[in-house]
Amino acid sequence: IARTAIVNYERLKPEAFTSLKMANGTRIEIQSGEILRLNEFSYEFAASELSDQAKDILDELNDLYKLNPGLRIELRSHTDSRGTNEYNQELSDKRAITAVDYLKKKGIPEKSLFGTGLGETLLLNDCDDLADCPEKKHAENRRTEVILHMEWGNEQVFIANH
């Protein structure tokens, strides 16, 4: 099965790139600490289970780690705005833990994985508690973003307690 999800990302800070080796022999340029919003890493409403597409992305991150073992992977999970702030924080924590645990089971050492839930604090659109948005717009906010770190000691990271 060919996995290409990791190369489908949006660059948010385009400077100071590091080249990483991919499983297919190609290389991608990434900035240590830049946020990768992976296209297919989303969740169903009120769910923390990983979809098959999310598992494929995590499998590709696992392959990337094996080829670049100094890499540190940070996963930041989010929710849409529906529900209370407390509920959404708990749900996003569960999403981050589920993703981290999946990668640990694949063999990535715990010291190389960090996850945090950010609840509804960083919405991608105007679908806050006051907006009447269609499901498609809410779904954009239910995501896990990936941050790859090459020089872990020099960067600040949010770490979920679990």
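Guide: Buried means a relative accessible area under 20%, exposed means over 50%, and partly exposed is in between (1.4 Å probe, protein chains only). You're looking at a predicted model: local features need pLDDT of at least 70, side-chain atom pairs count only at pLDDT 80 or more, and totals for chains, interfaces and linings use all residues. Residues are numbered from 1 along each chain as its sequence is written, and side-chain values use heavy atoms, leaving out hydrogens and water.

Visitor: Okay, how many residues of strand 6 are buried?

Guide: Strands (E, at least two residues) and helices (H or I, at least four) are DSSP runs, numbered from the N terminus. Look at both faces of strand 6: Thr144, Val146 and Leu148 are buried on one side, and Glu145, Ile147 and His149 are buried on the other. Strand 6 is largely enclosed by the rest of the structure, because its buried residues number 6 of the 6.

Visitor: In what order do the strands of the open sheet lie?

Guide: Two strands pair if DSSP finds at least two bridges between them. At the edges sit strand 3 (35-36) and strand 5 (113-117), each pairing on one side only. The open sheet has 4 strands and mixed pairing, and its order is 3-6-4-5.

Visitor: Which residue of strand 6 is the bridge partner of Ile35?

Guide: Strand 3 and strand 6 run antiparallel and pair over 2 bridges. One of the links into strand 6 goes from Leu36 to Val146. For Ile35, the bridge partner in strand 6 is Ile147.

Visitor: And which residue of strand 6 does Arg72 have as its bridge partner?

Guide: Arg72 belongs to strand 4 (72-77). Strand 4 and strand 6 are antiparallel, with 6 bridges joining them. In strand 6, Arg72 has as its bridge partner His149.

Visitor: Which residue's side chain makes a polar contact of 3.0 Å with the side chain of Arg143?

Guide: A polar contact is a pair of N or O atoms within 3.5 Å; within protein, one must be able to donate a hydrogen and the other to accept it, and residues adjacent in sequence count only if both atoms are side-chain atoms. The side-chain partner at 3.0 Å is Glu145.

Visitor: Is the link of Cys127 and Cys133 left-handed or right-handed?

Guide: A disulfide is a pair of cysteine sulfur atoms within 2.5 Å, and the structure holds 1. In Cys127 and Cys133 the sulfur atoms are 2.2 Å apart, and both residues are buried. The angle about the S-S bond is -105°, and the link is left-handed.

Visitor: What is the relative accessible area of Ala46?

Guide: Find Ala46 in the loop between strand 3 and helix 1. Its phi is near 60°, a positive value in a residue other than glycine. Ala46 is partly exposed, because its relative accessible area is 38%.

Methods. Contact = heavy atoms within 4.5 Å. Axes fitted to C-alpha atoms, helices over the stretch in contact; angles between N-to-C directions.
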